[in-house]
Amino acid sequence: MAHFPVLLHLAVAGYALYPGRDSGGLDISFEPGLTMVMGANGLGKTTLITMIRDTMSGPTELGGRDARRLGNRVPESSNMSPTRRRTFARRVSDGAIGAHVELRFALGDSLIQVRRALADLTITSLEINGERRDPSEPQYQAAVVEAAAVGVFAEWLLMLELLVFFFEDRRALVWDQSAQLQVLRLLFLESDLSREWVERYKRVLSLDSLVRNLRYTLNVQTKALEVGLRKAASAGGARETIASLQAIQAGEQSQLDDLEERLEEALKERERSRLQALRGQQELEDAMRALEHAQLMEISSAFPSINETAKYLLGQLVSERACLVCGTETDSLSATVARRLARKRCPVCASVMDADGATVASFGVSITQLTAQVDQAKIAADSAAGARISAEHECKELIARNAALNASITRRASEISELIKTLPPGEQVLEGYQQEHRRYSALLAQNQEELNEERAEFGRLQETANMTIATKVAAVQGAFERYARGFLLEDCRLAWSPYRDSVGQTGPSIELPSFELDMSGASFESPVRRSGPEAVSESQREFIDLAFKMALIEVGSSGVGTLLIDAPESSLDAVFVGRAADVLTKFGVNTPSNRLIVTSNLIDGDLVPHLLSKADVREASGLDGRVVDLLDLAAPTAAVAQNRAEYEQVRQDVFARARELAARADGV
């Protein structure tokens, strides 16, 4: 049977959010019964409760993708992220450097005192029953697990989250069967039986997962083997087709190899012909320029007195093969002009050119030779151009044939590849498949048999656990109805309603322990089953959840423990404030050791006055240690600084109202 923590003392030093009086920080002794943490928004009420929880948990939290839903698994712990560890550092400007928190609490027969750095929750000091221990997380966790009589540290974290602390984002335990399974086992089974339950439960889950994985692998292998055997039965036709296609492929590949050699030579020849054509064109242009130059020199020699324009025109007549007027291509005019010049006659009128005693230089032989050279160069250039055109055409044809062959070979290779996929594996490979299939079949059968045995053993163990838990059912029901009756006017009962479910994702179902809620209402004269939190109002949901937790704490661990409730006033109906305060106070005084820690804003409602009056608290912070007044102890917000007088007046009214209620209760 697990033990709940009983808080004794908290000290916070060097933390800017809680300077305390005269910069002394916080120093809180938790007396039996109520401790009221009061303040305004932003003064750190929730931060203080969270600090207490994180001091007890350290930099560890419930693990898993969604720690708030246990599902078909046992609780597991994981390290907090660096960001989560710096929760308190991020609330103050100095990063909480040098700040620390120290908490002393009783746990069963043990007294534990732990100090942590608020910058990152690192443990800096640890005492167990007054004896100093190595300040390390393994030492602290081992001490807590032993003192709390739980199996692993994750179960301690589960206890804190589900039972000890009451935050707004809490889990609604009464409607969570998987969480109830773990909590009821944790609270009502002896330590040895609880540990055996956890080990067998984990063993069943592990084997269940292994069997499912083996079955999946075996199914994959079975399908692959069936495909291989089918292929082997129908492989003959495919092999013949593949052989035929491969023969065609080999022939075309040989053609392609020859074609690529021819193409390589043709490309070289094309480059040579291109170069030869360029060279022939260049030689033709050089011969034509030489001829034109000689003709101009002869004109200049024959007609030294004519102007430049006449020289230009005569030069054009000699060199051009087209008429300068109509553009008709003809060699007759240039040939006539050339003959006249060669015979020393005027190229225009054919007169003898001996006027003015001019000496006509004879260029006839030179022009004739140059003309012949031009004709020869033209023939050579035309021949080279023809050779280039022929080489270009051959290359183009070879490239087209090469592309067609490549495309054909590629398509056929794809066809052959697809046909090969239809072939069965080789006989050795197929035999390997069959051997592996037999091995996995045997392995699955072996683990399935072991899983069946473990399920049977766990089923018998669960029957024992169910009988043990059943001995506590009436006590839990009675405590719940007592607390719920104080909170609500409706008839509200816990029904013992074991359910059947499989452990893991396969296998037969077994009976597991669970409570369900029956409640009357405006439309129901007698209680009916409320199967989910949506079946009741928000305020009823909170009262029911709180009553269930209080009942479990009372019945479990002989009723000794601490309950920390953060801001319960938000959902309270004004008519039921007194009733709620009465129920909470009774929990606080249910046993001499119980602690009830409640945070609340300074508001005009009656919850705080009722709690204070029923707990016999009459004086404000500083005069009664059971009041932690953050209005005086915390760093003021802008709202508090600007409206200090109003907040102090509200505080005076709260305590005046508490004294009034107490006097009325005493009949004064």
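# Close-up views of salt bridges, sheet and helices

**View A. Arg529 is partly exposed, its relative accessible area being 39%.** For accessible area, buried means under 20% of the relative value, exposed means over 50%, and partly exposed lies in between, with a 1.4 Å probe and protein chains only. This is a predicted model, in which local features need pLDDT of at least 70 and side-chain atom pairs count only at pLDDT 80 or more, while totals for chains, interfaces and linings use all residues. Residues are numbered from 1 along each chain as its sequence is written, and side-chain values use heavy atoms, leaving out hydrogens and water. The partner to look for is Glu516: Arg529 forms a salt bridge with this residue, and their closest N and O atoms are 3.2 Å apart. Arg529 belongs to strand S15 (residues 524-530) and Glu516 to strand S14 (residues 515-521), so the pair ties together parts that are 13 residues apart in sequence. Glu516 is also partly exposed, with a relative accessible area of 22%. A salt bridge here is a side-chain nitrogen of Lys or Arg within 4 Å of a carboxyl oxygen of Asp or Glu. Helices (H or I, at least four residues) and strands (E, at least two) are DSSP runs, numbered from the N terminus.

View B. Side chains of opposite charge can pair when their charged atoms come close.

**View C. Glu271 forms a salt bridge with Arg274, their closest N and O atoms being 3.3 Å apart.** The two residues are three apart in helix H7 (residues 236-302), and therefore about one helical turn separates Glu271 from Arg274. An α-helix has 3.6 residues a turn, so residues three or four places apart point the same way. Glu271 counts as partly exposed at 43% relative accessibility, and Arg274 counts as partly exposed at 29%.

**View D. A salt bridge links Arg482 with Glu554, with 2.5 Å between the closest N and O atoms.** Arg482 sits in helix H12 (residues 473-487) and Glu554 in helix H13 (residues 538-555), so the pair ties together parts that are 72 residues apart in sequence. How exposed or buried are the two ends? Arg482 counts as partly exposed at 40% relative accessibility, whereas Glu554 counts as buried at 17%.

**View E. Six strands make an open sheet with antiparallel pairing, in the order S2-S1-S6-S7-S8-S9.** At the edges stand S2 and strand S9 (131-132), each with a single partner strand, so one side of each is left without a neighbour in the sheet. Two strands pair if DSSP finds at least two bridges between them. Further in, S1 and S6 pair in the antiparallel sense over eight bridges, and Val12 stands opposite Val101 in S6. S6 and S7 also run antiparallel, joined by eight bridges, with Leu103 opposite Val114 in S7. The hairpin of S6 and S7 has two residues between the strands, and Gly108 there takes a positive phi near 65 degrees. Strand S7 (residues 110-117) then pairs with strand S8 (residues 123-128), antiparallel, over five bridges; Ile112 has Ile128 in S8 as its bridge partner.

**View F. Helix H3 lies across strand S6 (100-107), S7 and S8, at about 150 degrees to S7.** Axes are lines fitted to C-alpha atoms, for helices over the stretch in contact, and angles run from 0 to 180 degrees between N-to-C directions. Contact means heavy atoms within 4.5 Å. Follow the chain to Ala149, in the loop between helix H3 (137-148) and helix H4 (153-164). Ala149 has a positive phi, near 60 degrees, and is a residue other than glycine.

**View G. Asp22 has a positive phi of about 55 degrees although it is not a glycine.** Most residues other than glycine have a negative phi, and most peptide bonds are trans. Asp22 is found in the loop between strand S1 (5-13) and strand S2 (26-29), and at 79% relative accessibility Asp22 counts as exposed.

**View H. Helix H18 (residues 644-666) has 23 residues and reaches 33 Å from its first C-alpha to its last.** That reach is close to the 33 Å expected at 1.5 Å a residue, where the expected span is 1.5 Å times one less than the number of residues. Which residues of H18 are buried? They are Val650, Arg651, Val654, Phe655, Ala658, Leu661 and Ala662. Their cover includes strand S3 (33-39), helix H15 (607-614), strand S18 (627-629) and helix H16 (630-633).
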